[in-house]
Amino acid sequence: MAKGKKRIAIIACKNIKGVSCVGGCLKCFKGISERAGEYERWKDYDVEVIGMDDCGGCPGVIMPKLFLMMDMGKLYDRDFDAVHLGTCIMKATQTAKCPIEVEKLKNMIETKMGKEVILGTHAY
Ligand code: SF4
């Protein structure tokens with residue numbers, strides 16, 4: 001029996017994701033379905049994806065976009081508990097010249113929004 005429900009938001013790298021991630025974000029939905037990769041932490045929970053968005057493009061405007069998502073979520077009773085920064089963002093910071101400082105961003109989201117932040121999504 002599930003321990004409860006987790007509502008999650010997913011943020012992707014705009015450059016890598018494009019208009020729609022390859023396969024319609026299939027990798028994320030597979031990872032969620034199988035509780036694989038960074039989604040494994042939710043193996044004892046029901047998971048509801050309340051929104052997927054991108055960083056807004058370089059140099060990244062994740063904080064304002066997340067605040068908007070949170071405001072909309074409250075308006076429609078769809079607020080989220082946790083934010084996954086996509087594997088695409090992690091790859092962009094590690095292998096390209098993505099200017100996002102993920103640890104700093106994680107800290108900012110946790111401090112200013114009170115949301116749990118997970119660095120990564122699927123492992124594919
Ligand atoms: S800021 Fe980083 S995550 Fe956003 S589009 Fe640029 S490279 Fe991708």
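Student: Is Gly31 buried or exposed?

Tutor: This is a predicted model, in which local features need pLDDT of at least 70, side-chain atom pairs count only at pLDDT 80 or more, and totals for chains, interfaces and linings use all residues. Residues are numbered from 1 along each chain as its sequence is written. A residue is buried if 20 or more other C-beta atoms, placed from the backbone, lie within 10 Å of its own, exposed if 12 or fewer, and partly exposed in between. Gly31 has 21 C-beta neighbours inside 10 Å, so Gly31 counts as buried.

Student: Good to know! Which helix holds Gly31?

Tutor: Helices here are DSSP runs (H or I, at least four residues), numbered from the N terminus, and strands are E runs of at least two. The chain has five helices and four strands. Gly31 is found in residues 22-34, helix α2.

Student: Which residues is Gly31 in contact with, leaving aside its neighbours within four places in sequence?

Tutor: Contact is called when two C-beta atoms, placed from the backbone, lie within 7 Å. By that rule, the partners of Gly31 are Ala36, Gly37, Tyr39, Thr121, His122 and Ala123.

Student: Now for α4: which elements do its buried residues pack against?

Tutor: Helix α4 covers residues 87-95, and its buried residues are Thr87, Cys88, Ile89, Ala92 and Thr93. The buried residues of α4 pack against β1 (5-12), α1 (14-17), β3 (82-85) and α5 (102-113).
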